[in-house]
Amino acid sequence: MARTLIPLAVILFLSSVGHSAPAAIGSPAAGSATADARVPAETVALASDNPNPLLWQPDTTIDPQAIRGSLGADILGPQNIPIDRQNADLLAPPTTDAGSVQNAKWPFSLSHNRLQTGGWARQQNQDVMPIAGSMAGVNMRLEPGAIRELHWHKTDEWAYIISGAAQVTAVNSDGQNFIGNVKQGDLWYFPAGIPHSIQALNDTGVGTEFLLVFDNGAFSEDSTFLLTDWLAHVPKEVIAKNFQTSISAFDHIPAQQLYIFPSPPPPDNLALPKSPQGTIPNPFTFALSEIKATPLSGGSVKIVDSTTFTAATAISASEITVEPGAIRELHWHPTQDEWTYYIGGQARVTLFAASGNARTFDYEAGDVGFVPASFGHFVENTGNTTLHFLEIFNSGRVQDISLSQWLALTPPSLVKAHLQISDDTIKKLRKTKPIVVGPQ
């Protein structure tokens with residue numbers, strides 16, 4: 001008899017405990033006869049309400065410390081204060097950062113500069129930022145008239161004029177030629193293997209400075225195919241035979257590459273030699289400066305890809321402005337890596353690399369960023385001036401997935417099951433891409 005009563009008593013006790021226990025967060029009320037399948041039981045802790053703001057600005061006068069709230073401690077050893085002031089989120093990262101993400105910031109100011117008579121050039125590639133395996137960049141300056149000599153590359157070249165103006169020339173494999181002028185905010189593009197030149201104009205009295213982007217992270221500006229470098233390494237007898245001249249006709253060719261060299265600015269009426277094959281049908285230049293930006297709630301955007309700049313088949317870009325307090329929305333690019341160049345302002349970017357890995361970086365004008373394909377990210381304006389930057393992609397088309405649009409176009413019950421947000425919040429999701437979201 002006792003053997004039967006003891007288990008029965010235990011069963012009755014456990015049953016009574018189960019009915020009297022308080023309901024879990026998100027669970028139906030205690031004593032409810034039926035469970036509500038639309039409200040899941042809490043399975044993990046709720047995310048912290050800590051806003052994790054930027055702790056200081058680059059122009060701060062404080063000596064930054066590795067402290068965020070109750071975490072960290074002050075620095076006792078040597079400290080590079082100017083660098084720590086520029087990188088608040090590296091020294092005192094937000095608590096949302098976790099795991100490991102490779103460095104995704106490179107200031108051109110840290111690049112070795114190649115000084116020439118007439119200009120200079122400095123580069124960023126995967127040697128200095130290994131995460132950027134698919135694209136590399138060069139920042140180049142030419143004084144009025146100075147020439148980046150006739151050359152070609154094994155990779156495609158996309159360019160943006162930062163300041164001043166330039167003239168470019170090219171010839172394709174069909175013997176068609178091209179000449180074009182570009183000014184601040186304009187682009188050029190040369191496919192791999194197409195020989196071309198760049199010469200600074202004197203329209204503004206300063207020459208030009210521009211950004212070059214190549215669709216290979218291993219690219220090196222020092223490994224370019226240069227006209228003078230090639231002929232300096234060909235026997236004179238072969239050169240004379242090739243051009244059907246005497247050897248003396250080439251007595252004055254340089255013994256080594258010129259790379260960048262001074263020259264008078266080209267005349268306004270400079271014309272190309274007339275080619276029997278005609279001119280290149282799809283221009284290698286694009287007047288992006290003359291395209292009207294699309295206004296957004298917190299900034300603006302210009303998109304240029306192969307649908308508008310038809311010659312640019314492998315590289316595309318968005319030129320974006322974000323006003324103070326606004327944000328380039330949470331998004332990702334499905335299959336394209338993003339090489340970012342900051343023209344003005346201050347930015348804060350968190351890269352989400354999946355599997356709980358995230359890291360935040362701070363950027364200023366002249367910095368290069370990189371976002372691998374499918375990494376979730378945002379770009380927040382943390383300064384008090386307009387943030388201006390380029391998103392450049394290793395693809396002929398600009399594509400992104402907007403988090404807000406994705407959720408807005410997903411059944412609301414499914415979204416609420418994941419995030420436990422209210423109907424009012426659901427209504428604020430945008431069915432069209434915000435791109436840039438204005439300040440609250």
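Guide: A residue is called buried under 20% relative accessible area, exposed over 50%, and partly exposed in between, with a 1.4 Å probe and protein chains only. This is a predicted model, in which local features need pLDDT of at least 70 and side-chain atom pairs count only at pLDDT 80 or more, while totals for chains, interfaces and linings use all residues. Residues are numbered from 1 along each chain as its sequence is written, and side-chain values use heavy atoms, with hydrogens and water left out.

Visitor: Why does Asp89 count as buried?

Guide: Asp89 has 1% relative accessibility. The limit is under 20%, so Asp89 counts as buried.

Visitor: What makes the pair of Arg348 and Asp89 a salt bridge?

Guide: The term asks for a side-chain nitrogen of Lys or Arg within 4 Å of a carboxyl oxygen of Asp or Glu. In Arg348 and Asp89 the closest N and O atoms are 2.7 Å apart, so the pair meets the definition. It joins distant parts of the chain: Arg348 lies in strand 21 (residues 346-352) and Asp89 in helix 3 (residues 88-91), 259 residues apart. Helices (H or I, at least four residues) and strands (E, at least two) are DSSP runs, numbered from the N terminus. Arg348, at 8% relative accessibility, is buried as well.

Visitor: How many salt bridges does a search of the whole structure find?

Guide: The search finds 14. One of them is between Glu290 and Lys183, with N to O at 2.9 Å. Glu290 is in the loop between strand 15 (285-286) and strand 16 (294-296), and Lys183 is in strand 9 (residues 177-183), 107 residues apart.

Visitor: Why does Glu290 count as exposed?

Guide: Glu290 has 60% relative accessibility, and exposed means over 50%, so the word applies to Glu290. Lys183 is at 37%. That value falls in between the two limits, so Lys183 counts as partly exposed.

Visitor: What makes Lys433 and Asp400 a salt bridge?

Guide: Their side chains meet at 2.7 Å, N to O, and the definition asks for within 4 Å. Lys433 is in the loop between helix 8 (423-427) and strand 27 (436-437), whereas Asp400 is in the loop between strand 25 (387-393) and strand 26 (401-402), 33 residues apart. Lys433, at 33% relative accessibility, is partly exposed, while Asp400, at 12%, is buried.

Visitor: Which residues are linked with Asp400 and Lys433 in a network of salt bridges?

Guide: Arg328 and Glu391 are linked with them in the network.

Visitor: What makes a set of residues a nonpolar core?

Guide: The members are buried Ala, Val, Leu, Ile, Met, Phe, Trp, Tyr and Cys residues, joined through side-chain atoms within 4.5 Å. In soluble globular proteins, nonpolar side chains tend to be buried together. Here the largest core has 75 residues, and Trp158, Trp188, Leu211, Trp339 and Ile392 touch the most other members. Strand 8 (residues 157-171) gives the most to this core, with eight residues. Another core lies apart from it and has five residues, among them Leu407, Val415, Ile426 and Leu429.

Visitor: Which residues is Trp188 in contact with, leaving aside its neighbours within four places in sequence?

Guide: Contact means heavy atoms within 4.5 Å. With those neighbours left aside, the residues in contact with Trp188 include Trp158, Ala159, Ile161, Phe210, Phe284 and Phe309.

Visitor: How do you know that strand 7 and strand 11 pair?

Guide: Two strands pair if DSSP finds at least two bridges between them. Strand 7 (residues 147-152) and strand 11 (residues 196-200) have three bridges, in the antiparallel sense, so they pair by the definition. His196 of strand 11 is the bridge partner of His151. In strand 13, the bridge partner of His151 is Leu226. Strand 7 and strand 13 (residues 225-226) pair over two bridges, also antiparallel.

Visitor: What is the phi of Ser374, and where is this residue?

Guide: Ser374 is not a glycine, yet has a positive phi of about 75°. Its place is in the loop between strand 23 (367-371) and strand 24 (377-381). With a relative accessible area of 42%, Ser374 is partly exposed. Ile435, also not a glycine, has a positive phi of about 65° and is found in the loop between helix 8 and strand 27.

Visitor: Why does Ile435 count as buried?

Guide: Ile435 has 16% relative accessibility, and buried means under 20%, so Ile435 counts as buried.
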